[in-house]
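Please read them with the structure open.

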Amino acid sequence: MKYSSSLASAGLVHLALGLPAPQMQYEENMGAVGGVDPPIPTYSGAPVGNLRGSTNLQGGLASRPPVSGGASAIVPDPELVNGQEADAKIGLYLDFNSAEYPNGPQPIRGTLGQTDPGPRTYEYEKLNPDTYAPPSTDSGTVPQAMWPLGLSHNLLGSGKESGWARQQNQDVLPVASAMAGVDMRLAPNAYRELHWHTAGEWALVLKGSVRVAAIDENGASFVDDVTEGDVWFFPEGVPHSLQALHEGAEFLLIFDSGTFSEQETFLATEMLLRTPVSVWAKDLQTDVSSFDYIPDAEKYIFNGTPAPANISEQNITSSAGALWGPTGYTYHWSQQEFHNTTGGSVKYLDPLTFPVADMFSAALVVLEPGAMREVHWHTNSDEWTYFLQGSARITVYQAPAASRTFDFTAGDVAYIQKANGHYIENTGTDDVIFLEVLQAKKFTDISAAQWLALTPRQVIKDTLNLTDAVLDALPKEKTIIKPGNPNMTAIAGGGQNY
């Protein structure tokens, strides 16, 4: 708007509208490729040339390229980053951000792989080094386990700059059969209109604060304010409303159905529009003229009147009373202290302390640089994980002999199926923060290290050929987080990664 105003004052709007839009700047391959040598000469005039070539170009008729000295796929002076020449099975994290165009990064691990001279967008490779140059321990076929919400279609609110929402479900991440996620933004005082779902809704407030309101099937009502780090849960079918408070809000919604779609929500506006007015007049005991000005379409996300500071003004009850404590729909998780350990911090929330969410269990985890959420798996639930900050990688092991390593940054979703072994390793120079969500009555996992520590020693030695020195160092108690060397390639220089 400022740009347009300044041009208008100078009388240059007509010139600005004719300027070409600047293209996105990113590193990509340049030069000849696929038989085209750009930039091609500009041409204007009547079309010339044929769309199809001569039959003389068929194999055995056309001239052949030279065996040597012709078009080249050789990348001169390929650039390898620190750790890239180490044994591929060690699987060091490769920081491709230090590789410079046009000689790097390259899909090489130890003696495996080869340079990449062809079509490419370097930013993808820098974000996903373990996909571009995977450890040699990756094997077989593992379903795609990562989806960046930055690639999800954004559904904009109906009101002026009122908000937006983007989602992940099985349409974009087919393996995610048990859970789906939505990232929603509400402007100050904006609403997510009155609605309900056929799935349970568990939410974590990411930014700002929200007023939530609902009633249950007995007519008991609930209203509360939640802020960054707090949680709410609405069981399937429970009607509710969400309104951002004066500073606006962004929150993460997790649903207990992989096929959930934000666009298949039951809406109060549509309910009125899709039922005869005479029925509503009878149901609400009012004249049909009362419905002359109802909205003519769903309001979805829209701007609203600021919520009163005194929440008791909106606490309306019937003879069923109000919901609170163990029957209430919120949990002020932000006020729970973290469990701190070497390498990071973690805290759990499950039905033991938030019983209304009877099948949602979660862990909020912070890992220091170099640290790792230990190798583990879940016995009774898939895992839906969302990265709030930082960067990390996960290797998913799937029976009997398949694995794949994925890289994650803020805004990415990870999905790991029940019983699949995995870890989460901080690959950045800052803390990584992520949320793990299970469909379970208690947050639990099996620790690989603890399992080995508590299994008869001779069984472990006969099976895995591990030494007594290694087994003596294994903790008999679950550690959850393992500290590590922030230098992710220390092993390549003769150091240790722990």
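**Notes on the predicted model**

1. About 400 Å³ of space lies in the second largest pocket. A pocket is an open set of points on a 1 Å grid over the protein atoms alone, with protein on both sides within 12 Å along at least five of seven lines, and lining residues have an atom within 4 Å of a point. Grid points are joined across faces, edges and corners, and a volume is the space filled by probe spheres set on the points. The lining of this second largest pocket has 18 residues, with Val205, Leu206, Lys207, Leu388 and Ile433 nearest the centre. Two elements, β8 (201-215) and β19 (383-389), each give at least two residues to that lining. By class it divides into 10 nonpolar, 4 polar and 4 charged residues. Here Ala, Val, Leu, Ile, Met, Phe, Trp, Tyr, Cys and Pro count as nonpolar, Asp, Glu, Lys and Arg as charged, and the others, Gly among them, as polar.

2. The model is predicted: local features need pLDDT of at least 70, side-chain atom pairs count only at pLDDT 80 or more, and totals for chains, interfaces and linings use all residues. Residues are numbered from 1 along each chain as its sequence is written, and side-chain values use heavy atoms, with hydrogens and water left out.

3. Confidence is given as pLDDT, the predictor's value for each residue from 0 to 100. The protein averages 93, and 95% of the residues score at least 70. Over residues 1-19, however, the pLDDT is below 50, and this stretch has 7 contacts in the model beyond near neighbours in sequence. Contact means heavy atoms within 4.5 Å.

4. In secondary structure, the protein has 9 helices and 26 strands. These are DSSP runs numbered from the N terminus, with helices (H or I) of at least four residues and strands (E) of at least two. The C-alpha trace spans about 90 × 85 × 50 Å along its principal axes. Of contacts between residues at least 6 apart in sequence, 74% join residues at least 24 apart. Of the 498 residues, 43% count as buried. Buried means under 20% relative accessible area, exposed over 50%, and partly exposed in between (1.4 Å probe, protein chains only).

5. The largest pocket has a volume of about 1100 Å³. The largest share, 3 residues, is from β18. The lining comprises 13 nonpolar, 10 polar and 5 charged residues.

6. The structure holds 1 cavity of 30 Å³ or more. A cavity is a set of grid points where a 1.4 Å probe fits but cannot get out. The space in the largest cavity is about 40 Å³. Its lining includes Val142, Pro143, Val396, Tyr415 and Asn420, and β20 and β22 (412-416) each give two or more residues to it. That lining has 7 nonpolar, 3 polar and no charged residues.

7. There are 17 aromatic pairs. Rings of Phe, Tyr and Trp (its six-membered ring) pair if their centres lie within 6.5 Å; planes under 30 degrees apart count as stacked, over 60 as edge-to-face and the rest as tilted. Trp377 and Trp451 have ring centres 5.9 Å apart and planes at 85°, so the pair is edge-to-face. This pair links strand β18, which holds Trp377, with helix α7, which holds Trp451, 74 residues apart. Trp451 counts as exposed, at 52% relative accessibility. Elsewhere, ring pairs link Trp202, Phe233, Trp333 and Phe360 into a cluster.

8. Some backbone values deserve a look. Most residues other than glycine have a negative phi, and most peptide bonds are trans. The bond from Pro38 to Pro39 is cis, with omega near -5°, and the bond joining Gly104 and Pro105 is cis with omega about 0°. Pro39 is in the loop between α2 (13-17) and β1 (108-109), and Pro105 lies in the loop between α2 and β1.

9. Asn189 has a positive phi, near 75°. Asn189 is placed in the loop between β6 (180-186) and β7 (191-196) and is buried, with a relative accessible area of 14%. Gln285 has a positive phi near 55° and is in the loop between α6 (277-284) and β13 (301-302). Gln285 counts as exposed, at 68% relative accessibility.
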